[in-house]
Every structure is written in C-alpha cells, then in structure tokens.
Amino acid sequence: MSDQRVKVGNSDLTVFPLVLGGNTFGWTSDEATSRKVLDEYVEAGGNFIDTADVYSAWAPGNAGGESEIILGRWLAVRGNRDDVVIATKVSEHPQYKGLSHDNVLAAANESLLRLGVDAIDLYYAHFDDKNTPLEETAAAFDELVKAGKIRAIGLSNYTADRIEEWFRIARENGYALPVALEPHYNLVARGNYERSLAPVAARENLAVFPYFSLAAGFLTGKYRSAADAEGKARQGMVADYLNADGFALIDVLDEVAQAHDTAIATVSLAWLRHQSEVAGPIASARTPEQLPALLDSVSLDLTADELAALDQVSAPFAK
C-alpha cells in the first residue's frame with residue numbers, strides 16, 4: 001500500500017488520501033471491532049480519521065459522543081496520537097446543538113475530553129446554523145485556533161454562498177481561514193458539488209473530503225435490483241438509485257472493476273479521488289473485512305477512457 005500523503009489546503013496537515021469514517025464506531029461496530037478496523041487502517045498507511053460529536057446519538061441507548069470515546073480509548077492504548085490526524089465536528093450533538101459562540105467552545109472542550117487529546121487537528125462546522133450570525137461562529141472557531149485547541153477549520157454541508165461569506169468575514173477580521181470542505185459527493189450525487197462547491201473549493205484552496213462516498217452501499221454493487229434492497233436497513237437511503245440509470249452505472253463500474261481485478265467499491269472511490277479538488281474520499285468499514293476494497297482505491301489509477309465512461313453513464317446524476 002502506497003503512503004502518498006496529501007496536503008490539507010493551506011494547513012500544515014498531511015493526510016492519507018482515503019479517510020476512515022468513524023460513524024460506525026459504537027453503532028454498527030462494537031468497540032473491539034472498531035479497534036481492529038483502526039489498527040488495520042493505520043497498518044496499511046492510513047492516518048486520517050473523521051468523526052463527529054453526534055456519532056452516534058441516533059442509535060438506541062446512545063447519547064452522542066460514542067465514536068469519539070472509542071477513538072480516544074484506542075489512541076490511549078496505542079500511544080499513537082502524533083501519528084494520526086483527527087477530524088471531528090460540532091453543531092448536531094443533542095446537548096450542543098447549533099453554532100453559537102458559547103456552544104462551539106463548550107462542544108469543543110467536550111470533544112477534547114472524549115478524544116483524550118490536547119488539540120483537534122481539523123474541526124468542522126457540521127451543518128450551517130442559520131439562527132446564529134456567521135460572524136459569531138467564525139469568531140468562535142478562530143478563538144479555538146488561537147487557544148491551540150484546534151489546528152485547522154473545516155466546513156461541512158455549507159452552500160457556496162455561505163462558504164464565501166465565511167471567508168469574507170474571516171479576512172475582514174483577521175480570523176483563521178477554513179482549509180477543508182466535507183460535502184455530500186459521489187457518482188450518484190454530482191450536481192451540487194460540481195456546479196457550485198468545486199469552483200469555491202478551487203478558489204479558496206479547500207481540500208475536499210466527500211462523505212457518503214459509496215452512497216449508503218449502492219456504489220459497492222450490492223444492489224442489482226430493487227428487490228435486493230427490499231427490507232434492508234438502507235432501503236430508503238438507496239431508493240433514488242434503484243432505477244435504470246443507477247443500474248447502468250453499476251454495469252459500467254462492474255466492467256472497470258473486472259478490468260482491474262478489483263471491487264466495484266474500489267473503483268467508485270478511485271473515481272472520486274480523481275475529481276477536482278478532492279483530497280480523499282471518506283469511507284467507513286463496519287468490519288476489518290470491508291477495509292481492503294476501500295484501501296485499494298488509493299493505488300488504483302483509472303485510465304482517461306474509464307473516467308470518461310463513468311462520467312458519461314453517471315451524467316443523469318450530475319443534473
């Protein structure tokens with residue numbers, strides 16, 4: 001496995017071009033399994049783990065913060081804090097909703113405690129908070145940077161206009177500028193990113209780390225018909241893709257995968273890695289067995305013809 005690190009925007013962070021998603025930790029992966037996934041990811045050269053303070057409050061019996069706690073315990077046991085880059089997010093934890101100044105600072109302190117670290121490497125505003133002035137939020141994030149509690153700022157689920165406004169406010173006030181963007185982007189969700197977000201990311205040198213990279217499993221090829229999703233937990237999440245356009249895309253992904261003797265998921269992630277401004281897709285592994293297909297995407301270079309074929313067949317999802 002190659003260890004080709006990429007720079008995160010204008011920050012001093014350098015990361016592996018496949019980000020390990022921490023949303024499964026304490027949800028669909030118990031702590032022992034989560035640690036195995038983390039161990040195998042770093043053994044393969046990975047160093048960038050993406051979580052959020054809300055993971056996974058939606059699961060029965062959880063309160064939010066479970067993923068950070070598991071990650072923090074793993075860091076403590078392995079003693080490898082300096083070898084990994086940790087990203088987490090604020091705005092959705094049940095006890096720390098929104099992006100008011102005091103809430104951002106309090107939530108950051110809680111995340112630092114759960115993770116057991118002195119500083120968060122990359123701290124994202126998870127979802128825009130229209131009830132809080134952007135000036136207030138940007139000031140809070142800058143305060144955290146100046147206090148040494150976070151090293152860099154990221155934005156997730158923001159519109160292009162709001163990203164530009166954050167940069168304007170930050171420049172006018174001498175605040176730290178965001179360096180990363182985490183949008184919803186994949187082969188079946190192209191339009192919004194490519195039309196509005198990619199140009200802003202290019203202008204501002206934002207490193208882009210797409211989430212839902214495999215479209216809730218659809219882009220692994222596990223659903224070849226509507227019947228395949230019947231009764232499955234993610235049926236509702238993949239419903240929009242279970243049609244002629246979606247299955248045509250899977251057919252082309254299958255052809256490319258066979259040409260490289262690799263998995264469809266590997267090709268889907270490699271396509272993302274080739275896209276404008278993308279520094280590395282985020283992908284989660286519920287078990288260690290799911291990791292190789294994800295990791296293989298880092299060393300898979302698709303040909304110009306293969307990229308063009310995937311662009312063409314996924315064009316209906318670029319509208």
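Mentor: Start with aspartate 142, which sits in helix H4 (residues 134-146). Helices are DSSP runs of H or I, at least four residues, numbered from the N terminus. The model is predicted: local features need pLDDT of at least 70, side-chain atom pairs count only at pLDDT 80 or more, and totals for chains, interfaces and linings use all residues. Residues are numbered from 1 along each chain as its sequence is written, and side-chain values use heavy atoms, leaving out hydrogens and water.

Trainee: Is aspartate 142 buried or exposed?

Mentor: Buried, at a relative accessible area of 5%. Buried means under 20% relative accessible area, with a 1.4 Å probe and protein chains only.

Trainee: Which side chain joins aspartate 142 in a polar contact?

Mentor: That of lysine 146, at 2.7 Å. A polar contact is a pair of N or O atoms within 3.5 Å; within protein, one must be able to donate a hydrogen and the other to accept it, and residues adjacent in sequence count only if both atoms are side-chain atoms. A polar atom of the aspartate 142 side chain also lies 2.8 Å from the backbone nitrogen of alanine 176.

Trainee: What else does aspartate 142 touch?

Mentor: Ile153, Gly174, Tyr175 and Ala176, not counting residues up to four places away in sequence. Contact means heavy atoms within 4.5 Å.

Trainee: And phenylalanine 141, what is that in contact with?

Mentor: Beyond neighbours within four places in sequence, its contacts include Val90, Tyr123, Ile153 and Trp166.

Trainee: New topic. How many residues has the largest nonpolar core?

Mentor: 107, with Phe141 and Trp166 among those with the most contacts inside it. Helix H10 (residues 264-273) gives the largest share, seven residues. Such a core is a set of buried Ala, Val, Leu, Ile, Met, Phe, Trp, Tyr and Cys residues joined through side-chain atoms within 4.5 Å.

Conventions
Helices (H or I, at least four residues) and strands (E, at least two) are DSSP runs, numbered from the N terminus. Buried means under 20% relative accessible area, exposed over 50%, partly exposed in between (1.4 Å probe, protein chains only).
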